[in-house]
Amino acid sequence: MTYKETLDWMFGQLPMYQQKGAVAMNAKLDNIIHFCNVLDNPEKKFKSIHVAGTNGKGSSSHMLASILQEAGYKVGLYTSPHLKDFRERIKINGKVVSKRFVKDFIEQHKPFLEYNRLSFFEMTVGMAFTYFAEEKVDIAVIEVGLGGRLDSTNIIVPEVSLITNIGIDHTQFLGDTLEKIALEKAGIIKRKVPVVISETQPETKMIFNLIAHQLKSNIVFADNEPAVVYETDLLGEYQQKNINGVVACIHQLKNFEVPEKAIVAGLKKVVANTGLLGRWQVLQNNPLVVCDTAHNKEGLQLVLKQIEKQSYDQLHIVLGFVKDKDVNSVLALFPKDAKYYFVRPSIPRGMDALVLQELAKELGLSGVVCKSVKKGFKKALNCADNKDMIYVGGSTFVVAEVV
């Protein structure tokens, strides 16, 4: 198979949560454990940091990788989902895995993958762990895909675990309260492995303390530590919460020499070092165009606060969601005086733009329906004056179509 045919097979033949939703979830670790046994347990051949959380886990993972690179280490980075190219998920020192490695890995293991009906995520985790082991990384930053306890990445025993925060998201899998979701995220805490919590929340603090105590794991609530303000190239004031957790995580990391200057430089060069896309990403000025992958209530609250701090004449919002979100509670956060361009991301789970327009109308948000994300974005650009602002978001998959 060519690289493209390999990806088409991976995306098309096997369930993938991002595309299909609940049908892709098997809620157990048996498959990934079996697969990694066949792969000669690559997850045991490199050191790691494990990162979970509802919001901020992607930014935090990239910050950690950037800091460790600045400290001179060979750093693997596994994240999801990707925006433009599948290979964004698997990087070493900011460089994506080669097309040949992806192609050869799938070709070699295709009979096993087909016979055992592994999910897209399971096979990708096996691929990433094999790549990091073969390339002999000093350490890998591994981002949880969904939840924690039953996530395919949760077969590693890291040097440190980081949980950024807890918000209401993916309730059909993780539970419908902060406490239930916290229990799932806390599933990444390992015996005697330190855990850092970026953001103290009254509903979840007791759960994290209890589980850490049971597992004899040292626990640090980063926002209770003495705060040092660092600059970062990741725009958006909400990144300060992520920085607190990341720096506390670095301080808990044993047997790695990370000087203060590496923390300072790493935080200033996250995008250059790791290639992160879609976090308060400014696409152009005059008019100001910003996209952000925030896609749940807590994440969008932070982004909308950031929008309020900008100066503009008129706000234009290109907005689309996936079907399994509580869209009503999210739409209630959006400003009524903005002009909206309702779009459907180009995936099976994409919410119909007409349905979105109707829901928005009931909450006093008015706008036009556009046939695609690109057409919605183009229309917003045509309608906006130089002193206006355009925000593109609502879903990772909306942002993926404009960056």
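Which residues in H3 meet which residues in H6? I began my notebook with this question, and I keep in mind throughout that the model is predicted.

**Entry 1: H3 and H6**

I looked up the contact and found that Asn31, Ile32, Phe35 and Cys36 in H3 meet Glu122, Met123, Val125, Gly126 and Phe129 in H6. Sorted by class, the contact of H3 with H6 has six nonpolar, two polar and one charged residues. Helix H3 covers residues 30-38, and I noted that H3 and H6 pack at an angle of about 35°, with their axes 10 Å apart. The crossing of these two helices, H3 and H6, is right-handed.

**Entry 2: H5 and H6**

I stayed with H6, which runs over residues 120-134, and turned to helix H5, residues 99-116; their axes come within 11 Å and cross at roughly 125°. That angle makes H5 oblique to H6, and I recorded that H5 passes H6 in a right-handed crossing. On the H5 side the contact is made by Phe101, Val102, Phe105, Ile106 and Leu113, while H6 brings Met123, Gly126, Met127, Thr130, Tyr131 and Glu134. By class I wrote down eight nonpolar, two polar and one charged residues for the contact of H5 with H6.

**Entry 3: H4 and H11**

At what angle do H4 and H11 pack? I found about 130° between helix H4, residues 57-70, and helix H11, residues 260-268, with their axes 7 Å apart. H4 and H11 are therefore oblique to each other, and H4 passes H11 in a right-handed crossing. I listed Met63, Ser66, Ile67 and Glu70 in H4, which meet Ala262, Ile263, Ala265, Gly266 and Leu267 in H11. The classes in this contact of H4 with H11 are six nonpolar, two polar and one charged residues.

**Entry 4: the sheet of eight strands**

I then followed the strands and traced an open sheet of eight, in the order S4-S3-S2-S5-S1-S6-S7-S8, with mixed pairing. At its edges I found strand S4 (95-96) and strand S8 (219-221), each of which pairs on one side only. Within this order I checked strand S6, residues 160-163, and strand S7, residues 195-197, which pair in the parallel sense over three bridges. To place one of these residues, I looked up Ser161, whose bridge partner in S7 is Val195. Helix H9, residues 202-214, lies across S6, S7 and S8, and I noted that H9 runs at about 160° to S8. In the loop between H9 and S8 I came to Lys216, which has a positive phi of about 55° although it is not a glycine.

**Entry 5: the sheet of six strands**

In what order do the six strands of the other open sheet stand? I read the order as S9-S10-S14-S11-S12-S13, and the pairing is mixed. Strand S9 (281-284) and strand S13 (367-369) stand at the edges with a single partner strand each, so one side of each is left without a neighbour in the sheet. Neighbouring strands of this sheet are turned by 20° against each other on average, with direction ignored. I went on to strand S10, residues 288-291, and strand S14, residues 389-393, which run parallel and are joined by four bridges. The bridge partner of Val289 in S14 is Ile390. Helix H15, residues 353-362, packs on this sheet and touches strand S11 (315-319), strand S12 (339-342) and S13, and its direction makes about 160° with that of S13.

**Entry 6: cis peptide bonds**

A cis peptide bond joins Ser80 and Pro81, with omega at about -10°, and Pro81 lies in the loop between strand S2 (75-78) and strand S3 (90-92). The peptide bond from Asn286 to Pro287 is cis as well, with omega near 0°, and I found Pro287 in the loop between S9 and S10.

**Entry 7: the whole chain**

Last, I stepped back to the whole protein, which has 17 helices and 14 strands. Along its principal axes the C-alpha trace spans about 55 × 55 × 35 Å. For 403 residues a compact globule would have a radius of gyration near 22 Å, and I noted that the 21 Å of this protein agrees with that value.

Note on methods: Residues numbered from 1 in each chain as written. Predicted model: local features only at pLDDT ≥ 70, side-chain atom pairs only at ≥ 80, totals over all residues. Heavy atoms only, no water. Axes fitted to C-alpha atoms, helices over the stretch in contact; angles between N-to-C directions. Parallel < 35°, antiparallel > 145°, perpendicular 65-115°, else oblique. Left-handed = near helix turned anticlockwise from the far one by under 90°. Contact = heavy atoms within 4.5 Å. Nonpolar A, V, L, I, M, F, W, Y, C, P; charged D, E, K, R; others polar. Pairing = 2+ DSSP bridges. Rg over C-alpha atoms; globule rule 2.2 N^0.38 Å.
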